[in-house]
Amino acid sequence: MANPVVGWFAAFIGAIGFGSFAVPIKGEAANSVDIDPLVMQSYKSLVCFLTSWLVILLGQEVTFTPWGIVSGLFWVPGGTFNIFAIRNAGLAISQGVVAATIVLVSFIWGNLIFGEPVKSEVIACESVLIMMVGLFGMSYYSTPESEGTAEFIKVNIEEDAEDVTRKKIDSPINKDDDSNEDTRMKLPLQSTPAKRPPSLQSWQKMSKTTLEPLEIEEKGEVKSSSSRSIIILGKRYSRRNVGLLSAVMCGIWSGSCLVPMHYSKGNTNGLGFVISFSCGALLVTAILWIIRFSCQLFQSGSSKQAYESLPGFHFRVMWLPGAMAGSLWSFGNVGNIVAVQHLGQGAGTSAAQAALFIAGLWGIFYFKEVKKPSVIGKWFISASMTIIGIVLLGHESSPTSIGR
């Protein structure tokens, strides 16, 4: 029997867990070893599996359904995308994009595919519009000021300096033929030393104010502009843009991860779905490692080289952050599953995405992703609009218990 009070309380629990699990992923330990997204996802999947058995203490009997494996097929890739997004686009904006995308996908599944009733289609559409405006504001106000302009100037300064040096080397004066030797003999003597072309350092000094946004510091570490880009198929892209795309992919996959529970009958839904979900997640994670090893083996032709090319788990450094991230996510996942059971796919998953506000607080006040008070204020206004859109969208989805 669906109970809206239980559903909304569970959604609140889910929001806390989902909004906080990313903190260890972006912490100093993960940065010190540059943790691979699949490695971090493996920690999450393992801890999710271990903690899932705690539902027995709540009186839940051990049940299993193959639909849990299907859920794992959605969650594990989505979780890996999310880790990449957090580490490259930032915590506040990435979780905002993930949350809004999950809401849209869940609304499509719940209301358009499963036929969960909507009180007002007009208000539902308006909710989506409000949410997308808030999302745009969060994206805009979480961008480092003048980042794009500074990067463009930095690249052009480097190119100009190289061009000046190249012209100096290729000039007739520096060529070793006879005519150039005559030219050098006919040049008037200079009482002052010849001017050298400006070096890259001098250009940087002259443009120091413009280049400062590129000097991104984390806990005293200064990163160069090359660390802010990533090469994909021979082309260089901004890490932040790729991270945002990864956040969208996470939202699409994760927004569908509890859809299989809709087809799970009897006592295998709700808390009874938790163990099946965790088993599926662990199995899919293992399959991804096999696929990754196979790709490396195909490229290198050597099983030893393929194994050595796999990323390390850095257990001594990452066991605690990995356990914390996995535990917090499992905490949120249980809340999300119960919320979907009592509120439906559209409302339950949407309500749990209030986690973006929690994640935003971590990103702004702990990781200092946004520093100017005026910009922080605008980000909060945008985040509030997004949450209002999520709440309205969830409210328009009437609580159901179909198939659950």
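The legends below accompany close-up views of a predicted model.

**Figure 1. Overview of the predicted protein chain.** The chain has 404 residues, and buried residues make up 45% of them. Its secondary structure consists of 17 helices and four strands. Among contacts between residues at least 6 apart in sequence, 84% join residues that are at least 24 apart. The views that follow turn to individual sites.

**Figure 2. The largest cavity and the residues nearest its centre.** The structure holds one cavity of 30 Å³ or more. The volume of the largest cavity is about 280 Å³. Its lining is made up of 25 residues, and those lying nearest the centre are Phe-18, Ile-102, Ser-254, Trp-329 and Gln-353. Rolling a probe the size of a water molecule over the atoms shows where empty space is left.

**Figure 3. Helices that line the largest cavity.** Several helices each supply at least two residues of the lining: helix 1 (4-20), helix 4 (67-89), helix 5 (91-113), helix 11 (239-254), helix 14 (315-343), helix 15 (345-352) and helix 16 (355-366). Helix 5 provides the largest share of the lining, with four residues.

**Figure 4. The salt bridge between Arg-87 and Asp-34.** A search of the whole structure finds two salt bridges, and one of them is shown here. Arg-87 forms a salt bridge with Asp-34, and the closest N and O atoms of the two are 3.5 Å apart. Arg-87 belongs to helix 4, whereas Asp-34 lies in the loop between helix 2 (28-33) and helix 3 (37-52), so the pair ties together parts that are 53 residues apart in sequence. Asp-34 is exposed, with a relative accessible area of 58%. Side chains of opposite charge can pair when their charged atoms come close.

**Figure 5. The salt bridge between Asp-36 and Arg-292.** In this pair, Asp-36 forms a salt bridge with Arg-292, with 2.8 Å between the closest N and O atoms. The pair links distant parts of the chain, 256 residues apart: Asp-36 is in the loop between helix 2 and helix 3, and Arg-292 is in helix 12 (residues 274-300). Asp-36 counts as buried because its relative accessibility is 17%, under the limit of 20%. Arg-292 is partly exposed, with a relative accessible area of 25%.

**Figure 6. Ser-382 and its contacts.** Ser-382 is located in helix 17 (residues 373-396). With a relative accessible area of 6%, Ser-382 is buried. When neighbours within four places in sequence are left aside, Ser-382 is in contact with Gly-134, Gly-137, Met-138 and Tyr-141.

Figure 7. The structure holds zero disulfides. Cys-279 is accordingly in no disulfide, and the nearest cysteine sulfur, that of Cys-48, is 9.3 Å away. Cys-279 is partly exposed, at a relative accessible area of 24%. Cys-295 also counts as partly exposed, with a relative accessibility of 43%.

How values were computed:
Residues are numbered from 1 along each chain as its sequence is written. This is a predicted model: local features need pLDDT of at least 70, side-chain atom pairs count only at pLDDT 80 or more; totals for chains, interfaces and linings use all residues. Side-chain values use heavy atoms; hydrogens and water are left out. A disulfide is a pair of cysteine sulfur atoms within 2.5 Å. Buried means under 20% relative accessible area, exposed over 50%, partly exposed in between (1.4 Å probe, protein chains only). On a 1 Å grid over the protein atoms alone, a cavity is a set of points where a 1.4 Å probe fits but cannot get out, and a pocket is an open set with protein on both sides within 12 Å along at least five of seven lines; lining residues have an atom within 4 Å of a point. Grid points are joined across faces, edges and corners, and a volume is the space filled by probe spheres set on the points. Contact means heavy atoms within 4.5 Å. A salt bridge is a side-chain nitrogen of Lys or Arg within 4 Å of a carboxyl oxygen of Asp or Glu.
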